[in-house]
Amino acid sequence: MSEASDGIEITEEFKVAEPTEKLIPTADPEKTVEAKATILPDDLRIFLRQETLVEIYEYSKTDLNHELGGVLVGTFHQWRGQLWIDVDGYIKAVKYVNTAASFKFTHDSFSAISREKERRFNDKPTLGWHHTHPGYGVFLSNYDRFIQEQFFNLPYNVALVVDPRASKFGFFQWKHGKIESCGFYFVRARSPAVAR
Ligand SMILES: [Zn+2]
């Protein structure tokens, strides 16, 4: 490894998922989704549920002085050639190494994530990662890009950056071999009281 690896061990292997054919929520009259930020025609469609976003947001706000992180779990689909992911879970990283301006997964973080994924999510694929930038905005640093390339380099792997001080967040996805900012679809929680 080059010195840029900064001591990270590349030992955890994420399984590669193949997209299964499934009706995309934007074409499903039963679902209410809202496009957030700019979604381009060739973009991987990212669907994020309200409850998952709330969970991530609340966790992000538990430390306004150091970076926090975790992984996004869910399923990978296609609908008439359009690739999309359904983010339906979040796993907080443990045993990470962080500072005010950096977040690193360790081998132990990935092992713990693997175990929790198996236990809580029936071993669904890892769709990407989340980390916070307390007070310094939504972007990917060079080191974040390095993490993306090393651990989240599959076509359906995204990054979610949250600035818990500014209450801002944004997604990034692979486009033609580069990781770039992108929009997503917000999937509102169904009201349990809705009568049919
Ligand atoms: Zn970062």
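Predicted model: local features only at pLDDT ≥ 70, side-chain atom pairs only at ≥ 80, totals over all residues.

Reader: Thanks! Let's start with strand 4. Is it enclosed or open, and why?

Author: Strand 4 is largely enclosed by the rest of the structure, because nine of its eleven residues are buried.

Reader: Which way does strand 4 run relative to strand 5, and how many bridges join them?

Author: They run antiparallel, with ten bridges joining them. The two strands form a hairpin with two residues between them, and Arg80 in that turn has a positive phi of about 50°.

Reader: What about strand 1 and strand 8?

Author: Strand 1 pairs with strand 4 in the parallel sense over two bridges, and Glu21 stands opposite Gln78 there. Strand 8 pairs with strand 4 in the antiparallel sense over five bridges; Trp129 in strand 8 is the bridge partner of Val71.

Reader: New topic: how many residues are in the largest nonpolar core?

Author: It has 34 residues, and Leu72 and Leu160 are among those that touch the most other members. Strand 4 is one of the elements giving two or more residues to this core. Further along the sequence from Leu160, its contacts include Leu72 and Gly128.

Reader: Last one: is Arg49 buried or exposed?

Author: Arg49 counts as buried, because it has 20 C-beta neighbours inside 10 Å. This residue sits in strand 3, and its C-alpha atom is 6.2 Å from that of Arg188, 139 residues apart along the chain.

Conventions: Residues numbered from 1 in each chain as written. Core = buried A, V, L, I, M, F, W, Y, C linked by C-beta atoms within 7 Å. Buried ≥ 20, exposed ≤ 12 C-beta atoms within 10 Å, placed from the backbone. Helix = DSSP H or I, 4+ residues; strand = E, 2+ residues; numbered from the N terminus. Contact = placed C-beta atoms within 7 Å. Pairing = 2+ DSSP bridges. Lists of a residue's contacts leave out its neighbours within four places in sequence.
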